[in-house]
Amino acid sequence: MTDQRPGPREAAPATTATSRARVAAFFDLDKTIIATSSSAAFSKPFYAGGLITRGDVLRSAYAHLLFYAGNADADQTERMRKHLSELATGWEVSKVQQIVAETVHELIDPYVYAEAVELIAEHHELGHDVVIVSASGAELVEPIATVLGADHVVATRMAVEDGRYTGEIEFYAYGEQKAEAVRELAARRGYDLERSYAYSDSVTDAPMLGAVGHGFAVNPDKTLRRVAAENGWGVLTFSRPVALRSAIRPPAVALAAGGVVVAAVAAWLLRRWWRRRHG
């Protein structure tokens with residue numbers, strides 16, 4: 001059953017043309033807008049393409065298991081970030097683009113929550129900017145955001161030199177860094193954060209939800225539900241995934257996956273492990 005909480009129309013007055021400050025709605029991507037992990041879709045083709053060895057996959061799977069289980073502390077998260085950067089060092093951007101371009105229509109025809117699509121449309125009707133804020137790589141998030149009609153993107157950025165990933169992560173959109181990026185974007189774009197909104201399924205996004213006046217936990221687990229109650233955030237249940245292609249025709253673009261590849265493979269292995277353990 002969907003939790004009954006005020007939506008943007010009820011929680012705050014609509015932005016008018018005479019308002020000095022603007023309003024934004026910040027959405028996490030994976031499991032908030034999309035009913036799965038955006039990066040997980042590329043696990044098989046990237047593994048088959050030889051970008052990652054079996055040993056790399058297993059090490060990354062363990063790190064990703066901690067992340068998804070919510071048991072990764074600050075040190076473990078930093079080690080995961082460091083492993084991601086080291087693994088991607090030297091990869092040819094063109095090869096990543098080629099693999100993604102060959103599989104994007106098959107794999108990134110994502111199933112999105114109908115409730116999220118409707119909520120994005122409602123915010124736009126009210127004159128609010130919609131911003132997708134994701135730990136996945138900007139090269140993957142930006143085209144999806146375009147299809148969804150988002151106005152801006154905050155995502156992980158990896159450095160590129162001479163057509164290859166250097167291994168340096170210029171910005172890791174995770175945890176408190178997401179919240180800081182939201183505040184920086186608000187300062188640049190003139191958003192009033194007290195009147196703005198944020199939506200996420202993950203307790204790691206608690207700093208982002210707390211950075212705005214109207215935070216919403218989407219499909220929360222027990223931990224996030226407790227944190228939401230403590231902070232007075234709304235709770236929403238999204239349960240109607242729909243094929244994106246049935247609602248919006250995606251643009252024909254070549255994507256680069258960069259920093260999301262390791263997470264993709266790890267998520268795939270985690271699903272296999274879970275099925276074998278509980279099948």
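**Figure 1. The whole chain, as a starting point.** Of the 279 residues in this protein chain, 52% count as buried. Keep in mind as you look around that this is a predicted model. Twelve helices and nine strands make up the secondary structure of the chain. Its accessible surface is about 13,500 Å², and carbon and sulfur atoms account for 50% of that. Now consider contacts between residues at least 6 apart in sequence: 69% of them join residues at least 24 apart.

**Figure 2. A close-up of the largest nonpolar core.** In soluble globular proteins, nonpolar side chains tend to be buried together. Here, the largest nonpolar core has 27 residues, and the members that touch the most others are F27, L29, I33, I132, L148, Y199 and F238. Which elements each supply at least two residues of this core? They are the strands β1 (24–27), β2 (111–113), β3 (129–137), β6 (197–200) and β7 (214–218), together with the helices α6 (114–125) and α7 (138–148). Helix α7 gives the most, with six residues. There is also a second, separate core of 24 residues, and V133, M208, A217 and V227 are among them.

**Figure 3. A stacked pair of rings, F27 and Y199.** A pair of aromatic rings is described by the distance of the centres and the angle of the planes. The model holds five aromatic pairs. Why is the pair F27 and Y199 stacked? The ring centres of F27 and Y199 are 4.5 Å apart and the planes meet at 20 degrees, so the pair is stacked, the cut-off being under 30 degrees. This pair links distant parts of the chain, because F27 sits in strand β1 and Y199 in strand β6, 172 residues apart. F27 is buried, with a relative accessible area of 0%, and Y199 is buried too, at 1%. Look for F216 as well: F27, Y199 and F216 form one aromatic cluster.

Figure 4. Y174 is found in the loop between β5 (164–171) and α8 (176–189). Is Y174 buried or exposed? Its relative accessibility is 12%, so Y174 counts as buried, for which the limit is under 20%. Y172 is buried as well. The rings of Y172 and Y174 have centres 5.7 Å apart and planes at 15 degrees, so this pair is stacked.

**Figure 5. Y174 and T204 in sequence and in space.** Follow the chain from Y174 to T204 and you find them 30 residues apart in sequence. In space, the C-alpha atoms of Y174 and T204 are 7.5 Å apart.

Technical notes:
Residues numbered from 1 in each chain as written. Predicted model: local features only at pLDDT ≥ 70, side-chain atom pairs only at ≥ 80, totals over all residues. Heavy atoms only, no water. Core = buried A, V, L, I, M, F, W, Y, C linked by side-chain atoms within 4.5 Å. Buried < 20%, exposed > 50% of the residue type's maximum accessible area, 1.4 Å probe, protein only. Helix = DSSP H or I, 4+ residues; strand = E, 2+ residues; numbered from the N terminus. Phe/Tyr/Trp six-rings, centres within 6.5 Å; stacked < 30°, edge-to-face > 60°. Contact = heavy atoms within 4.5 Å. Areas by Shrake-Rupley, 256 points an atom, 1.4 Å probe, with all protein chains shown as cover.
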